[in-house]
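This report is meant for a reader who is meeting the structure for the first time.

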Amino acid sequence: MTGTNKSADSGTEPIVVAVDGPAGSGKSSVSRKIAQQLGYGYLDTGAAYRALAWLVGERGINKDDSDAVCALVEDFHYASTLDPETPSVVVNGTDATMAIRRPEVSSDVSAVARIARVREHFNSMFRVIVADSGMPGVIVEGRDITTVVFPDASVRILLTADETVRALRRNAELAEQSPGSHSAKKTAEQLHARDRADSRVVDFMNAAEGVVLIDSTTLNFDETVDAVIAVIREQTVKEKA
Ligand code: CDP
């Protein structure tokens with residue numbers, strides 16, 4: 001299995017749209033919306049890292065013990081739908097769709113995501129999920145999709161926004177999910193701490209060569225969706241030409 005979706009016998013391989021970006025850049029909601037509009041699948045790679053961090057917590061494993069986390073990966077059975085309408089996550093037969101969004105999982109996830117063996121295992125898993133999707137295209141979003149997982153994807157986009165705007169967006173999301181149960185200041189601190197930890201592993205703040213940068217700081221949701229769709233259309237037309 002390779003990281004490309006352009007192999008010679010790729011007649012039935014889905015078009016891959018790779019979207020990377022930091023927390024709160026809007027990449028998940030924008031990617032889901034676009035997948036719905038284009039009739040594509042949607043793969044949230046962060047959900048897999050979150051699911052592992054959740055299982056680490058459930059089993060009482062020390063998240064900083066790389067060997068113990070790697071051993072757990074052998075017993076980690078991950079299933080997620082590619083349906084952008086109802087993304088769901090099942091781990092070892094348990095529905096963890098809601099649990100993986102808990103604040104303690106957000107705090108622990110960077111520690112498991114920094115382990116190279118975990119990343120290699122997950123990258124292979126993501127490539128298989130996409131290859132077996134049976135969909136015309138899949139929007140794959142994360143931190144290293146444009147650079148490591150699918151460096152030859154048909155479309156590669158880095159979606160960013162100013163730090164303050166990202167914190168405000170994440171805060172609004174959490175307020176909608178559970179009103180009154182969180183502090184805006186703490187949310188911003190956690191988001192920035194996670195970005196700092198994650199940037200030590202992969203660079204998702206600067207666009208690699210050939211990756212289109214979209215800065216959504218001054219764009220609203222619909223404008224961001226439109227900007228991403230415009231790039232997808234442009235790049236897929238260019239590829240066919
Ligand atoms: O949506 P948000 O930006 O909060 O994060 P996420 O996409 O749910 O990803 C959760 C965590 O998974 C990140 O903070 C990273 O530690 C890790 N991750 C990663 O290392 N590589 C990816 N391709 C995706 C996520």
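## A serine in a loop

Where does Ser 216 lie? In this model, which is predicted, Ser 216 is placed in the loop that runs between strand S8 (212–215) and helix H9 (221–240). Its relative accessible area is 0%, so Ser 216 counts as buried, the limit being under 20%.

Which residues is Ser 216 in contact with, once its neighbours within four places in sequence are left aside? They are Ser 25, Leu 159, Thr 160, Ala 161, Arg 169 and Thr 224.

## The chain as a whole

The secondary structure of the chain is made up of nine helices and eight strands. The radius of gyration is 17 Å, close to the 18 Å that the globule rule gives for 241 residues, and the chain is therefore as compact as a globular protein of that length. Taken along the principal axes, the box filled by the C-alpha atoms is roughly 55 × 40 × 30 Å.

Of the 241 residues, 46% count as buried, and the accessible surface of the chain comes to about 11,700 Å², with 51% of it belonging to carbon and sulfur atoms. Among the contacts with a separation of 6 or more, 77% are between residues 24 or more positions apart. The chain carries 26 positive and 35 negative side chains, and the centres of these two sets lie 3 Å apart.

## A cluster of aromatic rings

The structure holds five aromatic pairs. One of them is formed by Phe 122 and Phe 126, whose rings are 6.0 Å apart from centre to centre, with 65 degrees between the planes; this pair is edge-to-face, because an angle over 60 degrees counts as such.

Phe 122 and Phe 126 both belong to helix H5 (residues 116–131), and because they are four residues apart in that helix, about one helical turn separates them. Both Phe 122 and Phe 126 are buried. Ring pairs also link these two residues with Tyr 49, Phe 76 and Tyr 78 into a cluster.

## A valine in a strand

Val 155 lies in strand S7, which covers residues 155–160, and with a relative accessible area of 0% Val 155 is buried. Leaving aside neighbours within four places in sequence, Val 155 is in contact with Val 16, Val 17 and Ala 18, and also with Val 231, Ile 232, Gln 235 and Thr 236. Val 56 is 99 residues from Val 155 along the chain, and the C-alpha atoms of the two are separated by 34 Å.

## An aspartate and an asparagine

Is Asp 198 buried or exposed? Asp 198, which has its place in helix H8 (residues 184–199), has a relative accessible area of 11%, and since this is under 20% the residue counts as buried. Not counting residues up to four places away in sequence, Asp 198 touches Ser 110, Arg 143 and Phe 204.

Asn 92 is found in the loop between strand S4 (89–91) and strand S5 (94–95). Its relative accessibility is 28%, so Asn 92 counts as partly exposed, a class that lies between 20% and 50%. Most residues other than glycine have a negative phi. Phi of Asn 92, however, is near 45 degrees, which is a positive value in a residue other than glycine.

Key. Residues are numbered from 1 along each chain as its sequence is written. This is a predicted model: local features need pLDDT of at least 70, side-chain atom pairs count only at pLDDT 80 or more; totals for chains, interfaces and linings use all residues. Side-chain values use heavy atoms; hydrogens and water are left out. Helices (H or I, at least four residues) and strands (E, at least two) are DSSP runs, numbered from the N terminus. The radius of gyration is taken over C-alpha atoms; the globule rule is 2.2 Å times the number of residues to the power 0.38. Buried means under 20% relative accessible area, exposed over 50%, partly exposed in between (1.4 Å probe, protein chains only). Contact means heavy atoms within 4.5 Å. Accessible areas come from the Shrake-Rupley method with a 1.4 Å probe; for residues, only the protein chains shown count as cover. Lys and Arg count as positive and Asp and Glu as negative; His and the chain ends are not counted. The place of a charge is taken as NZ of Lys, CZ of Arg, CG of Asp or CD of Glu. Rings of Phe, Tyr and Trp (its six-membered ring) pair if their centres lie within 6.5 Å; planes under 30 degrees apart count as stacked, over 60 as edge-to-face and the rest as tilted.
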